[in-house]
Amino acid sequence: MALEFDVITLLPEMFCAITKFGITGKANRNKLYHLHTWNPRNYATNHYRTVDDAPYGGGPGMVMMAQPLDQAITDAKTRQTDTGIKQTHVIYLSPQGQCLDHEKILQLSQLDSMILLCGRYEGIDERLIEEQVDEEISLGDYVISGGELAAMVLIDAVIRQLPGALGDMQSANQDSHVAHLLEYPHYTRPDNYKGKTVPEVLLSGNHARIERWRQQQSIGRTWLKRPDLLTKKYPAGLPDKEKELLEEFKQLQHLAINQQETDTTKGIGVTK
Ligand code: 4HQ
């Protein structure tokens, strides 16, 4: 059965970005998931179809009213229940939630459905959050203008976990081992670009050597740029194989840096 997303949003057109284009567009056409949007404006009751109001206590900006959101969520829940979904799960995208990471995405990809609540303005009436929200999730420790982009990032990352969403080649790079490391560097033609060549190993045709080099680059770059990821992946320290690859990477790094210094003192590659 397809994964069901129901999104509560004042800006439903934004979701074309994922439903129409790229990997998530293709997964949508292949019916790997369904995405329904619910606009709280359609549940507003007054003549102007107002969905926001001034905050009690004063201060800048506007707050999304509870009632239109409440009814939109209720209809979304009814739709999901009608399609045979046993349990609904309402997620509010907010900086107050737990930050999205790979573990969270894997956990969410186990669900049959979710309801994503996207806030605009200064936020949502607290009573609606208390009544209807099961979980808050944050994209990161910064402020964006609305929950829509955060919801789309979450949906995109979850869809990539669905069987059949990625081509065979891309799926191979998704195993749990690779997923926690940074990518190895990529090169394509030409083999000489502005005097910069491609690492010799990649032209060797020796697949075992290429595989080893790529794994070494992944570990090495993670150590250089994101050591926190290595600690998270290997809390008890690197396994022997990885340790060996990393030590060799460090050696090669030193050689490369010393070579650069030699070049500089000898005036190689130095203009003027
Ligand atoms: N928001 N991760 C919606 C965020 C945010 C985030 C600010 C959410 C505005 C109304 N959402 N409110 N960070 O910055 O998800």
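In this predicted model, Cys16 has a relative accessibility of 28% and therefore counts as partly exposed, since that class covers the values between the buried limit of under 20% and the exposed limit of over 50%. Cys16 takes part in no disulfide, and the nearest cysteine sulfur, which belongs to Cys118, lies 14 Å away. Cys99, with a relative accessible area of 31%, is likewise partly exposed, and this residue is also in no disulfide, the nearest cysteine sulfur being that of Cys118 at 17 Å.

Strand 5, which comprises residues 90–99, pairs with strand 7 in the parallel sense, and five bridges are found between them. These two strands belong to an open sheet of five strands, arranged in the order 2-1-6-5-7 with parallel pairing. At the edges of this sheet stand strand 2 and strand 7 (135–138), each of which pairs on one side only. From one strand to the next, the twist averages 35°.

Helix 3, formed by residues 66–82, lies across several members of the sheet, namely strand 1, strand 2, strand 5 and strand 6 (113–117).

The structure contains one aromatic pair, made up of Phe5 and Tyr33, whose ring centres are 5.9 Å apart and whose planes meet at 75°, so that the arrangement is edge-to-face. That assignment follows because planes over 60 degrees apart are placed in the edge-to-face class, provided that the ring centres lie within 6.5 Å. Since Phe5 is located in strand 1 (residues 3–8) and Tyr33 in strand 2 (residues 33–38), the pair ties together parts that are 28 residues apart in sequence. Both Phe5 and Tyr33 are buried, whereas Cys16 and Cys99 are partly exposed.

With regard to annotation, an unreviewed UniProt entry places the feature "domain: tRNA methyltransferase TRMD/TRM10-type" at residues 4–231. Within the model, the end C-alpha atoms of this span lie 35 Å apart, and the span consists of 39% helix and 17% strand.

Conventions
Residues are numbered from 1 along each chain as its sequence is written. This is a predicted model: local features need pLDDT of at least 70, side-chain atom pairs count only at pLDDT 80 or more; totals for chains, interfaces and linings use all residues. Side-chain values use heavy atoms; hydrogens and water are left out. Rings of Phe, Tyr and Trp (its six-membered ring) pair if their centres lie within 6.5 Å; planes under 30 degrees apart count as stacked, over 60 as edge-to-face and the rest as tilted. Helices (H or I, at least four residues) and strands (E, at least two) are DSSP runs, numbered from the N terminus. Buried means under 20% relative accessible area, exposed over 50%, partly exposed in between (1.4 Å probe, protein chains only). A disulfide is a pair of cysteine sulfur atoms within 2.5 Å. UniProt positions are given in the numbering used here, feature names are shortened, and annotations may be inferred rather than shown by experiment. Two strands pair if DSSP finds at least two bridges between them. Axes are lines fitted to C-alpha atoms, for helices over the stretch in contact, and angles run from 0 to 180 degrees between N-to-C directions. Contact means heavy atoms within 4.5 Å.
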